[in-house]
Amino acid sequence: MSTGPDDQDGGRSFWSQWPILLGLTLTWGALWEDFSPGVLLAGVVFSMLTLSFYRLPRVNFSDRFNLWYFLVFTLRFLWHVVTASVSVAWDAISKGPTIVNSVVAVPLRSHDDLIVTLTGHSLALVPGSLVIDVDRPSSTLYLHCLNVKNAEAVEAFRAEALKTEAAIIRALGSKADLALVQDDEAQRAADTAGGNRR
């Protein structure tokens with residue numbers, strides 16, 4: 001199989017796309033409702049053909065994965081889904097049409113397409129918030145949020161969204177993105193400590 005600019009973006013090989021290959025293979029098994037070795041082998045073959053013939057842009061994975069922080073992110077995400085579901089249900093019963101909604105801009109620290117996408121999906125899957133737009137050059141997510149009625153609530157939601165981004169970066173972000181998160185959190189801690197001393 002020949003390789004060219006469309007096959008290797010930035011010198012990244014076909015095999016650097018193994019997470020997509022794995023995902024497509026598991027999807028194949030799920031569609032057949034069979035995860036036997038033969039079905040999965042056929043899934044690998046068809047997934048490779050898909051990646052070879054459909055010239056999609058290469059996804060730049062960071063080649064870094066932390067299992068512990070992935071588990072932390074997963075548990076954190078599930079907890080937020082459960083608590084937000086209860087909160088939205090209660091607001092629907094107690095406030096109904098009087099509930100106040102807002103559109104909140106969340107400027108992310110990472111400019112990596114994968115991190116921005118995963119952060120957006122993670123926030124959208126939690127009841128009460130929905131991504132309505134993404135400004136790619138500035139990596140800013142615009143979310144429609146329920147029961148965000150003042151500046152304090154906006155800042156609280158924005159801080160929570162940045163924690164979600166940080167959890168994803170710790171799990172599978174690049175070292176550069178991880179350094180950005182650590183520097184930002186150190187700066188916020190220093191600002192908070194300075195404010196408390198005043």
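Here is a quick tour of this protein, from its overall layout to its salt bridges, cores and surface. The model is predicted, so local features need pLDDT of at least 70 and side-chain atom pairs count only at pLDDT 80 or more, while totals for chains, interfaces and linings use all residues. Residues are numbered from 1 along each chain as its sequence is written, and side-chain values use heavy atoms, with hydrogens and water left out.

**Overall layout**

- You'll find six helices and three strands here (DSSP runs numbered from the N terminus: H or I of at least four residues for helices, E of at least two for strands).
- Reading from the N terminus, the order is α-α-α-β-α-β-β-α-α.
- The protein has 198 residues, and 29% of them count as buried (buried is under 20% relative accessible area, exposed is over 50%, and partly exposed is in between, with a 1.4 Å probe and protein chains only).
- Take the contacts (heavy atoms within 4.5 Å) with a separation of 6 or more: 71% of them are between residues 24 or more positions apart.

**The hairpin**

- Strands β2 (residues 129-135) and β3 (residues 140-146) pair in the antiparallel sense over six bridges (pairing takes at least two DSSP bridges between two strands).
- One of the bridge pairs links V134 with L141 in β3.
- Four residues sit between the two strands of this hairpin, and S139 in the turn has a positive phi of about 55°.

**Salt bridges**

- A salt bridge here is a side-chain nitrogen of Lys or Arg within 4 Å of a carboxyl oxygen of Asp or Glu, and the count by this rule is seven.
- R109 and E165 form one of them, at 3.0 Å from N to O. R109 lies in the loop between β1 (101-107) and α4 (113-124) and E165 in helix α5 (residues 151-172), so this pair ties together parts that are 56 residues apart in sequence.
- Salt bridges with shared partners join R109, E165 and D184 into one network.
- D91 and K95 make another bridge, at 3.9 Å from N to O; D91 is buried at 9% relative accessibility, whereas K95 is partly exposed at 29%.

**Nonpolar cores**

- A nonpolar core is a set of buried Ala, Val, Leu, Ile, Met, Phe, Trp, Tyr and Cys residues joined through side-chain atoms within 4.5 Å.
- The largest one has 13 residues, and V104, V106, L108, L141, L143, C145 and F157 touch the most other members.
- β1, α4, β3 and α5 each give two or more residues to this core, with α5 giving the most, at four.
- Leaving out residues up to four places away in sequence, F157 touches V104, V106, S129, L143 and C145.
- Another core, of eight residues, lies apart from the largest one and includes F73, A166, I169 and V181.

**Surface**

- The accessible surface comes to about 12,500 Å², 65% of it from carbon and sulfur atoms (areas come from the Shrake-Rupley method with a 1.4 Å probe; for residues, only the protein chains shown count as cover).
- F65, L67, W68, Y69, F70, L71 and V72 make up a nonpolar surface patch with about 710 Å² of accessible area together. Patch members have over 30% relative accessible area and no salt bridge, with like charges joined within 9 Å and nonpolar side chains (Val, Leu, Ile, Met, Phe, Trp, Tyr) within 5 Å.
- F65 sits in the loop between α2 (37-53) and α3 (67-94).
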